[in-house]
Amino acid sequence: MKTGSEIRDGYLKFFESKGHKILPSASLIPAHDPSILWTAAGMVPFKPYFTGAAKPEFTRVTTCQKCIRTPDIESVGKTARHHTFFEMLGNFSFGDYFKESAIPWAWEFVTEHLRLPPDKLWVTIYLDDDEALEIWHKVVGVPAGRIVRMGKDTNFWEIGVGPCGPCSEIYVDLGEERGCDSPECGVGCDCDRFLEIWNLVFIQFFKDESGSYTPLEQKGIDTGFGLERVASAIQEVPTNFDTDLFREVMDFTAGIFGLKYGIDNQVDTALKVIADHCRAITFALADGALPSNEGRGYVLRRLLRRAVRYGRLLNIKEPFLYQVAGSVINQMEKAYPELVERQEFILKLIRIEEERFGATLVQGTEMLNRLIYDAGMAGNTVISGEDAFKLYDTYGFPWELTREIAAEHGLSVDEDAFSRAMEKQRQRARSARQETEYLSEKDVLFKEVREEAGETNFVGYESLKAEASVMEIIKNGKRVNSAGAGEKVEFILDATPCYAESGGQVSDYGKLTASGVEVEIYEVTKPVENLFVHRGKVIKGSLKKYDRVLVQVDRSRRLAVCRNHTATHLLHKALQEVLGDHVNQAGSLVDPERLRFDFTHFTAVTPEELHEVEEIVNNAVLSNLPVEAFETSLDDARALGAAALFGEKYGERVRVIKIGDFSLELCGGTHLKSTAEAGLFKLTGESSVGAGLRRVEAFTGESALRYVKVKEEQLNEVARMVKAAPHETVDRVVSLLQNIKELEAENEALQAQLARHQVQDLVDRIKEVRGVKVLAGRAAAPDMDSLRGMVDLLRDKVGSGVIVLGSTSGNKVNLVAAVTKDLVKIGLHAGKLVKELAVVVGGGGGGRSEMAQAGGKDPSRLDKALEKTYRVVDSQIK
């Protein structure tokens with residue numbers, strides 16, 4: 001029996017023997033593809049090769065791709081095959097081999113290497129794919145009776161505009177005992193008998209905007225071989241969770257809990273959910289995803305909280321998921337060494353999230369207790385489904401736990417209403433998920449332009465100007481032959497010195513000139529590989545296709561950007577030196593004015609740490625370190641210790657930026673020749689942008705000097721205000737603050753003394769109403785707090801009685817009423833009393849029986865309101 005690791009290794013080595021290049025798994029965060037949250041299939045990293053937007057370095061590739069899919073999170077743990085994280089083995093051809101090789105190789109691997117019995121295997125093909133039928137039956141030898149034609153919904157792969165084609169799948173018959181006993185049961189049935197293990201996609205057509213299909217000149221192969229599914233068939237276990245890929249983690253988790261797998265269904269479900277979700281969380285964090293309240297961060301946080309909730313259902317109150325993540329890393333580290341590299345960060349962040357969620361669950365419990373109390377007071381026996389859903393959606397409180405706790409108090413929960421609320425949320429989520437096209441209409445246009453006009457030769461690393469030919473002009477998405485003064489257009493040149501926006505660095509600005517023509521360039525992008533699209537406005541003349549032109553980069557702007565980009569590399573290294581090796585870049589913005597750098601770290605960076613970072617960077621600037629750029633292989637760059645960005649996709653050849661012996665990073669951006677050109681580096685702020693994610697912002701060069709000048713002017717202004725020399729300003733401000741503190745203390749003492757005199761004066765004016773002491777009067781209190789304080793003093797002196805004080809401030813009236821506890825029993829109520837008085841002064845208020853307050857808008861009627869006190873007290877006495 002083969003283990004999951006043996007199947008993975010065997011697959012990759014098999015296709016390596018067939019001339020394929022083994023590539024490591026791409027990141028779970030898709031590179032340069034904002035249309036999708038996660039890498040959800042083996043072909044996602046190769047999408048540009050199938051669309052023609054980029055050229056592959058190898059025409060035959062094989063991978064084991066990490067994948068995350070989350071549409072069916074609620075099904076995980078309840079079915080045999082649903083997962084959020086899984087591994088997809090695949091072999092790919094980019095214009096190399098086609099069906100004639102892909103089909104026989106697939107059969108060879110499953111029958112000879114995995115030794116699955118041929119009489120247990122079935123094959124599906126697309127309805128009219130006779131070519132595939134011919135190869136399966138006549139070349140491979142699969143009996144015609146075991147080849148099933150299927151429709152477009154299952155056996156034709158397409159996503160909007162772009163490459164597409166028919167599919168062929170291999171199924172394993174797991175036996176009649178796994179079936180549904182239906183006479184119609186067969187390949188494609190929803191029961192567990194027939195298990196699909198391999199999907200071969202034959203990319204042979206291009207679907208255009210009209211829905212027409214055109215045969216591709218260069219055909220491709222994209223296959224998906226689900227590791228967990230195959231392992232379940234090879235290891236002859238009933239579910240994917242029973243394979244060694246999951247059991248190791250599940251048994252470890254059960255050991256933490258003092259439980260065993262396979263005895264209790266509720267326990268088994270919890271162990272499955274925890275194992276599955278922890279695999280997804282661990283790998284996602286390793287690839288640079290971070291928990292947050294939106295996008296993939298929200299998905300990550302939801303998975304983590306769902307796993308923790310299932311632990312709570314097993315009565316596990318302490319953080320445990322970080323330990324399970326350690327088990328995942330131990331199992332997977334050989335295949336995925338990046339897990340070990342980020343282990344400390346992964347485990348620490350998971351524990352922080354667990355602890356935060358623990359506090360959230362406490363809030364949820366408090367809300368549920370209030371709902372139970374309210375239901376009891378109202379005589380209800382059912383908690384509404386809407387309230388239960390709010391608990392689930394807002395606080396992450398488990399539906400099962402809500403139902404269980406409610407039952408302990410003799411209450412039920414409206415499950416139908418809860419389900420309706422849940423379905424509404426799913427519908428909102430589905431409508432929010434727009435179907436993304438394989439290639440947008442504009443991408444198709446630029447791909448065609450590149451095929452016809454050729455690629456753009458970028459010369460901007462060496463020169464800030466270049467002669468070029470105008471290869472294409474595009475206006476409002478349509479190709480045109482010319483553009484006149486005042487028009488905004490896109491144009492493609494055969495060469496350019498202008499940097500296209502990428503890697504966090506903004507694009508260059510520039511100017512295009514020719515005889516009688518001037519175009520202002522304000523943006524440059526790279527929508528398909530090696531095609532630079534310039535956006536600009538024609539200032540004068542007419543820009544024509546095939547014109548010979550001169551393109552010049554805005555030199556001062558480029559230099560400002562270079563200062564900030566080189567400083568970003570220095571900053572990254574300085575942060576690692578001060579805070580630790582766990583610091584990794586999580587995003588950046590480099591423009592002419594400033595730099596912004598996001599990085600992984602768990603706590604706020606202290607002022608002392610920021611000062612040390614700033615000092616390290618400026619020392620590197622003053623050291624006049626040489627900045628060198630060179631190309632090398634990816635393996636050699638990593639061997640040199642070059643830092644790479646998580647989630648970034650690199651080719652076999654990479655560009656490296658070396659700053660003396662201080663910094664070494666993979667980078668395609670533009671940089672200084674020497675660190676001294678940065679002039680000055682000044683940090684301006686530090687903040688949080690998510691769990692485990694911090695942000696710093698900084699200036700360099702002229703922007704830094706302007707920042708310092710503004711601060712200097714502010715200091716001088718403060719110095720003038722406090723009548724001190726600039727260098728004595730701090731001492732002067734400290735002295736003034738001390739004086740203020742002493743004066744405030746003196747003022748408070750005088751106010752207290754005045755209040756005591758006022759209290760005594762007011763006590764002398766107490767009247768009796770039917771044997772009850774009543775005091776109503778004005779007080780010189782500046783605010784409501786002071787007024788309440790005076791009422792407290794009077795209550796202590798009166799002993800038993802009713803007190804009402806009023807004060808005015810501008811056009812505002814404050815009223816406070818108090819009734820001693822013994823008088824509440826005879827019907828007196830401070831809240832009701834002050835509510836009636838507030839009407840007189842044009843306001844409102846209320847409160848408890850013993851203490852209440854109110855406000856009003858008519859100070860001229862305060863005395864009338866106070867006079868009314870005695871009548872209201874008389875009416876309340878029973």
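Modeller: Let us begin with pairing: two strands pair if DSSP finds at least two bridges between them. Strands (E, at least two residues) and helices (H or I, at least four) are DSSP runs, numbered from the N terminus. Here, strand β13 (residues 465-475) pairs with β16 in the antiparallel sense, over four bridges. Please note that this is a predicted model, in which local features need pLDDT of at least 70, side-chain atom pairs count only at pLDDT 80 or more, and totals for chains, interfaces and linings use all residues. Residues are numbered from 1 along each chain as its sequence is written, and side-chain values use heavy atoms, with hydrogens and water left out.

Colleague: Which residue of β16 is the bridge partner of I474?

Modeller: The partner of I474 is E490 in β16. Strand β16 is also joined to strand β20 (residues 531-540) by five bridges, and these two strands run antiparallel. In that pairing, V489 stands opposite G536 of β20.

Colleague: Is strand β16 mostly covered or mostly exposed?

Modeller: The general idea is a cut-off on relative accessible area: under 20% is buried, over 50% is exposed, and partly exposed lies in between (1.4 Å probe, protein chains only). Strand β16 (residues 488-493) is mostly covered, as five of its six residues are buried. Across the 878 residues of the chain, 50% count as buried.

Colleague: Where does E236 lie, and what is its phi value?

Modeller: E236 lies in the loop between α6 (227-234) and α7 (244-257). Its phi is near 55°, a positive value in a residue other than glycine. E236 counts as exposed because its relative accessibility is 73%. R770 is placed in the loop between β30 (767-769) and β31 (772-778), and R770 is exposed, with a relative accessible area of 52%.

Colleague: How is the overall extent of the chain described?

Modeller: One uses the radius of gyration, taken over C-alpha atoms, and the globule rule of 2.2 Å times the number of residues to the power 0.38. A compact globule of 878 residues would have a value near 29 Å, whereas this chain has 36 Å. The C-alpha trace spans about 115 × 80 × 50 Å along its principal axes.

Colleague: How many helices and strands does the chain contain?

Modeller: The chain has 25 helices and 35 strands.
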